[in-house]
Amino acid sequence: MEIFLIRLLQFMLAIGLLVLLHEGGHFFFAKLFGVRVDKFYLFFDPSIWKWDGSLFKWKPKGSDTQYGVGWLPLGGYCKISGMIDESFDTEQMKQPEQPWEFRAKPAWQRLLIMIGGVLVNFLLALLIYSMILFYWGDTYIPVKDMTLGMKFNSEAKALGFKDGDILIGTEKGEFKEFSADLYRDLSEATRVDLIRAGQQMSLTLPGDINLLGMLKAEPSFVRPLIPAEVDSVMADSPAANIGLQQGDKIVGINGNAVDSYNEFTDQLGILEDMMTGAKTAADSLKIRTATIVYQRDETNDTVSVTLTPELKLGFYVKSLVGIYEPITKEYGFFESFPAGIKYGWNVLAGYVGDMKYVFTADGAKSLGGFGAIGSLFPPMWDWCLFWKMTAFLSIILAFMNILPIPALDGGHVLFLIYEMITRRKPSETFMIRAEYVGFGILILLMVVANLNDILRWLGYM
């Protein structure tokens, strides 16, 4: 419960900040060009019976704008006078055009008002990345320094990889750290350089490996190899009951040899699959009863143990940081800005490149809603990770909003560009219908994404 609350708080803080600044971008340009803003709200405020839906509202003396906080935390809005938006205020559009309205302004001013939110989100992400590099630096473990090498699945081995290979890079360049970028580079590479048994060599790759398949595969296409050596034992756990100690090595489970902690967890994954077919408590107990072979002082010992209901033995191994020494690249204040811009641009390019998978069956299943986004935040409060996640969400918010879908900023931008080219405004009837269609698309996407979250939680995906 504590982890859930910590993640929820981080999610709400990040989303609140990003929505506030996004709408603030629209607000800034609207005010700059003399356009009246009727309402500026964090979160939505649909009315319920006689309540107007506002948790808080305030209208400064002499101001045309009402500021407030709504009860529905699904975003926010900046209601600009004289435009067709998600409020569907068609009554206002029936009145004579006023000089302070959005529709009365030149197309280029309206264009800047509409891209204001996206611009702020993108610049915010670059600023956050720059300040992260300035304050914390860039800490990572170089892939080439992972001297124990990698653990590969059967698909990777079919391409020529072998467990223990130390990855160096591809024709695109040297791998930096173990992250999604490494998977992305491997998926597009025609050559990968590595060290095997002390000798440098290269493998030929097809250049079009399905990235989504690589990321979703169980076991993973590639993982850092972690020894199955006990670092610590949980109190009152099955591992403690059979006397496992620090330094012991797991070398077998249920008659299957174990060469790494990766292989050990893969074998537990097989047991998890078997548990789905268990129909009685006796069936479950039989699956949970495992034969473990561990090595101590070069001597093997075999014991029978009953795993926890979650199929855990109850011991920890060293993390990558415990095995390898991370390096930190420091940045001065002025150095951090070009580095942060480059970092943010690479994040955006990777995200945009991966969008092609959304239009596949597996891609649709991989869509995630609020639960999936919230789970991306760390289970403990870490300001560096919090700001990294906030910057990433800011880039996603900017990109998603600029998509040419009616009801999004990108839809309005598309119609404005059409107007600037043809010198003709789309009719108000067309704009209202387009807004309804776009809003319907967004609701459908939201339902699918959050339904996926629920199905994952229930174990159906």
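Q: Which side chain meets Asp 38 in a salt bridge?
A: In this predicted model, Asp 38 belongs to strand E1, and its partner lies 41 residues away in strand E4 (residues 72-80), so that the pair links distant parts of the chain. Both residues of the pair are buried. The N to O distance is 3.6 Å, and the side chain that meets Asp 38 is that of Lys 79.

Q: How many residues apart in sequence are the parts tied together by the pair of Asp 64 and Arg 36?
A: The side chains of Asp 64 and Arg 36 meet in a salt bridge, at 3.5 Å from N to O. Asp 64 lies in the loop between E2 and E3 and Arg 36 in the loop between H1 and E1, so the parts that this pair ties together are separated in sequence by 28 residues.

Q: Are Asp 64 and Arg 36 buried or partly exposed?
A: Buried would require a relative accessible area under 20%, and exposed one over 50%. Asp 64 has a value of 38%, and Arg 36 has a value of 27%. Because these values fall between the two limits, Asp 64 counts as partly exposed, and Arg 36 likewise counts as partly exposed.

Q: Are Glu 101 and Arg 103 buried or exposed?
A: The side chains of these two residues, Glu 101 and Arg 103, meet in a salt bridge with an N to O distance of 2.6 Å. The relative accessible area is 4% for Glu 101 and 10% for Arg 103. Since the limit for burial is 20%, Glu 101 is buried, and Arg 103 is also buried.

Q: Which residue in E3 is the bridge partner of Lys 39?
A: Strand E1 (residues 37-44) and strand E3 (residues 66-70) run parallel and are joined by four bridges. Lys 39 also lies over the face of Tyr 41, with 4.7 Å to the ring centre. Within E3, the bridge partner of Lys 39 is Gln 66.

Q: Which residue in E3 does Trp 58 stand opposite?
A: Strand E2 (residues 54-58) pairs with E3 in the antiparallel sense, over four bridges. Ring pairs also link Trp 58 into a cluster with Phe 27, Phe 40 and Tyr 67. In E3, the residue opposite Trp 58 is Tyr 67.

Q: What is the angle between the planes of Phe 161 and Phe 221?
A: Among the aromatic pairs, whose count comes to 29, Phe 161 and Phe 221 form one that is edge-to-face, at 6.1 Å centre to centre. The pair links distant parts of the chain, with Phe 161 in the loop between helix H4 (154-158) and strand E7 (166-170) and Phe 221 in the loop between helix H6 (211-216) and strand E11 (222-224), 60 residues apart. Phe 161 is buried at 2% relative accessible area, and Phe 221 is buried at 1%. The angle between their planes is 80°.

Q: Why are Trp 383 and Trp 387 separated by about one helical turn?
A: These residues form a stacked aromatic pair, with 6.3 Å between centres and 25° between planes. Trp 383 is partly exposed at 44% relative accessible area, and Trp 387 is partly exposed at 28%. The separation is about one helical turn because, in helix H14 (residues 383-401), the two are four residues apart.

Q: How far apart in space are Phe 134 and Phe 333, C-alpha to C-alpha?
A: Both residues belong to a nonpolar surface patch that also includes Trp 381 and has about 990 Å² of accessible area together. Helix H1 (2-32), helix H3 (107-135) and helix H11 (333-354) each supply at least two residues of the patch, whereas Trp 381 is placed in the loop between helix H13 (370-375) and H14. Phe 134 is found in helix H3 and is partly exposed, with 35% relative accessibility. Although Phe 134 and Phe 333 are 199 residues apart in sequence, their C-alpha to C-alpha distance is 5.7 Å.

Terms used. Residues numbered from 1 in each chain as written. Predicted model: local features only at pLDDT ≥ 70, side-chain atom pairs only at ≥ 80, totals over all residues. Heavy atoms only, no water. Pairing = 2+ DSSP bridges. Phe/Tyr/Trp six-rings, centres within 6.5 Å; stacked < 30°, edge-to-face > 60°. Buried < 20%, exposed > 50% of the residue type's maximum accessible area, 1.4 Å probe, protein only. Lys NZ or Arg CZ within 6 Å of the ring centre and 35° of its normal. Patch = residues over 30% accessible without salt bridge, like charges linked within 9 Å, V, L, I, M, F, W, Y side chains within 5 Å. Areas by Shrake-Rupley, 256 points an atom, 1.4 Å probe, with all protein chains shown as cover. Salt bridge = Lys/Arg side-chain N within 4 Å of Asp/Glu carboxyl O.
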